[in-house]
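Student: I would like to go through a structure with you and test each label against its cut-off. Shall we start?

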Amino acid sequence: MRWLVGWSSAAVGAAGIAGAAGSAGSAGATGYDGETVQPVGSQLLWGDPDPLWAVGDWRPDEVRVVTADPQTRIAVLGICGASDEQLRVGLFAARGGALRHLTAWPGSYTAVVQVGRRITVCGDLAGARPVFHAPWAGGTAYATAALPLADLVEANLDFGHLAALLAAPDVPAALDDSTPYDGVKRVPPGHALILRAGSREVAGYEPVASLAVAAPAADPDRAVDAVRDALVEAVRTRLAAPRHVPGDGIDPGPVPGMGPAERRAARGMPVPGIGADLSGGPASGTLALLAAGLPGMPGTVLGHGTGAGERLLAVTFNDLAVGGQEAEVARAGALAANPRLHHVVVTGGEETLPYGVLDGPLTDEPGSSLIAAARHRARLAAGSADHFTGYGARQVLDAHPARLADLLMDRKRRHLVRPVAAMAKADGSVLVPARVYAAARRLARTPYRTGLEVLSERLLRRRFDEPGDGATDASLAVLTWAGPGPAARWLTGEALAEVSVRLQTSSQRSGVGPGQRPGDFRARAALARLAADVRVLEQAAEIRFQRLHTPFLDNQVVRACRALPEALRVQPGARAGLRVAADSLMSLFDTPLLAEAGLVEARVVRKAVRSAAAGEALPLDGLADLVSLELWLRRLLARRGTCWTGTPARQRAVPAGIAPQRGALGGAGAVVRRG
């Protein structure tokens, strides 16, 4: 993992703050026994009274600091296409309070600006590079990971957040700005954290349009050109970065029965150079061919790995344990016939099925990808040091079903014909158009506040729809402002009541801001959830010295895709492995931590696992959410140590273990003990 962390103190010379303003040699707060509190394994970017550190295995070109004077500077961490001069110009503009331009350079990065005692930290639009903050020592600490802040403030678990994560994971009002750690808050996508001498403010940096006036019609050709240009620039920015040879890059020499690729894999190293996923889908295929076709010698470094020279390494995962992927593999093979690509097919058996391997590293937050981390790791282990993936393409390009309501609100009924006809053809029913149109019309006429109140009532009354088996049922289920998550049916009444209260509170104090039509709103929420899960996947399936690149989640690509007319969007989904892993899952839920936390009853989940393994129609995504959260909780409690020096060993997140006090499921200070 890599993150940045810093804080804004209440005042220069405040108690507990050590060092002089602008000091580059030391920074931190005075901890126990007079030792300075600093992140473990950190690189100081600037010093007190508002220090900033880069923590983890950052590459030298991924950390840049441009300074105008000792109290005016900008730090950019990640892949950023801006030159030093552009960063300097951006810094001067930021002195006047402008923020959006700090997020408009190509690439994927986090920008931190210091102007005097004012610190500005910009999150991204998708949520792939989030920013967190927590009150600490009379000021505010911030980071791009939640766990270091939880360690710093000794945060307990926020059981209300965990309940919302299971009951309504796609509903921003249920999750709000909370995290799994009580007191640690998240900055929403498209916002920046602004700190002034310890005080904090969260401000949006994207312009908003009026809901009363329809946006001007976008020219389809120009919109498509803008998406293409943004994607090309995103890939080019990564190709322009320095190439990295994993580790020392030296092959220790021949081993009987092992070639260079096998020796590299045994050392846990990716192939030097640049590669890409090639699943046979349009997103990965586009990125692979784009990266291979742009000038800049995108392939592997000569003399290393496969010996493929300058060809781009394209990796296809072929699941031998699950059928039905023959067409995708065939498409990948056809694309790989391009002479600029070197194609590698990774085969997976039962050991790579979801739920097949339940061990793994602790991630910053829970996510459903934890159940399939071994599957992804098998694929990525054959990849390159810089590896392109197509994650996020469907969420930024395709039309969320709720966008049908947007078309009605904009009086564009004729654009409903093609998607509704496609659903009718897929389901083979003449009743589909009427059902879909009625649902879209109902959503277009439903206020956001009413939508939250309806979901709150459904959770309280435990009213859940049975899982459908067709595209139409799936689309109808999400033609609402907010809906229950697939795991909600297995939660306790107390957990559902907690989430219901959260929704009622949110509906009473807020509404949707200008320009937030239901389809646009649901699409942004779906993108934020996907970005958060990709972040978890990147940590859970991490290959040392490897960087995963997701250009479709870059700010400029997201912006360009959001400008696409609705008529250009299309809709294109599967999973297995429960039957094979049923016994290990039953053992996992013998004495689950989720039950100790009051979120589920163990017998209910065990019954669901047995039913799903027997082939009964159940929302498998919900079981994935339950298993992933249980795995994450176990890894968190098994963890030893902390992210900080200068603190006693006990100062870490969830110091007391797990068992909420009776009747205080989501309350602060809820404590659970586990021997």
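**Labels and their grounds**

Tutor: Start with Glu62, which counts as buried at 4% relative accessibility. Keep in mind that this is a predicted model.

Student: Why is Glu62 called buried?

Tutor: Buried means under 20% relative accessible area. Glu62 has 4%, so Glu62 is buried.

Student: What makes Glu62 and Arg547 a salt bridge?

Tutor: The cut-off is 4 Å between a side-chain nitrogen of Lys or Arg and a carboxyl oxygen of Asp or Glu. For Glu62 and Arg547 the N to O distance is 2.9 Å. That is within 4 Å, so the pair qualifies.

Student: Which parts does this pair tie together?

Tutor: Glu62 sits in the loop between strand S6 (52–56) and strand S7 (63–69), and Arg547 in strand S20. The two parts are 485 residues apart in sequence, so the pair links them across that stretch.

Student: Is Arg547 buried or exposed?

Tutor: Buried, with a relative accessible area of 5%.

Student: How do you know that Glu85 and Arg88 form a salt bridge?

Tutor: Their side chains meet at 3.4 Å, N to O. The limit is 4 Å, so this pair also passes. Glu85 and Arg88 are 3 residues apart in helix H1 (residues 84–94), which puts about one helical turn between them.

Student: What about Arg529 and Asp625?

Tutor: The closest N and O atoms of Arg529 and Asp625 are 3.3 Å apart, and they form a salt bridge. Arg529 is partly exposed at 30% relative accessible area. Asp625, at 9% relative accessibility, counts as buried.

Student: How many salt bridges are there by this rule?

Tutor: The count comes to 30. Some join into a network: Arg2, Asp57, Glu538 and Glu542 are linked in this way.

Student: What makes helix H9 largely enclosed?

Tutor: Helix H9 (residues 373–380) has 8 residues, and 6 of them are buried, so the rest of the structure largely encloses this helix. The buried ones are Ala373, Ala374, Arg375, His376, Arg379 and Leu380.

Student: Which elements do the buried residues of H9 pack against?

Tutor: They pack against strands S16 (271–277), S17 (312–319), S19 (384–388) and S20 (547–549), together with helix H17 (518–540).

Student: Why is Arg238 called buried?

Tutor: Arg238 has a relative accessible area of 6%; the limit is 20%, so the label holds. Arg238 is in helix H5 (residues 220–239). Residues that Arg238 touches include Ile79, Phe388, His549 and Asp554.

Student: Which residues touch the most other members of the largest nonpolar core?

Tutor: Tyr181, Tyr355 and Leu626, in a core of 100 residues. Helix H22 (residues 620–638) supplies the largest share of this core, 10 residues. A second, separate core has 65 residues, among them Leu102, Val235, Ala276 and Ala531.

Student: What makes a space a cavity rather than a pocket?

Tutor: In a cavity the 1.4 Å probe fits but cannot get out, while a pocket is open. The largest cavity has a volume of about 630 Å³. Its lining has 30 residues, with Arg2, Ala128, Arg129, Glu538 and Leu548 nearest the centre. H17 gives the most to this lining, with 4 residues.

Student: How much of the protein chain is buried?

Tutor: Buried residues make up 53% of its 675 residues. The chain has 22 helices and 21 strands. It exposes about 28,100 Å², of which carbon and sulfur atoms supply 54%.

Notes:
Residues are numbered from 1 along each chain as its sequence is written. This is a predicted model: local features need pLDDT of at least 70, side-chain atom pairs count only at pLDDT 80 or more; totals for chains, interfaces and linings use all residues. Side-chain values use heavy atoms; hydrogens and water are left out. Buried means under 20% relative accessible area, exposed over 50%, partly exposed in between (1.4 Å probe, protein chains only). Accessible areas come from the Shrake-Rupley method with a 1.4 Å probe; for residues, only the protein chains shown count as cover. Contact means heavy atoms within 4.5 Å. A nonpolar core is a set of buried Ala, Val, Leu, Ile, Met, Phe, Trp, Tyr and Cys residues joined through side-chain atoms within 4.5 Å. On a 1 Å grid over the protein atoms alone, a cavity is a set of points where a 1.4 Å probe fits but cannot get out, and a pocket is an open set with protein on both sides within 12 Å along at least five of seven lines; lining residues have an atom within 4 Å of a point. Grid points are joined across faces, edges and corners, and a volume is the space filled by probe spheres set on the points. Lists of a residue's contacts leave out its neighbours within four places in sequence.
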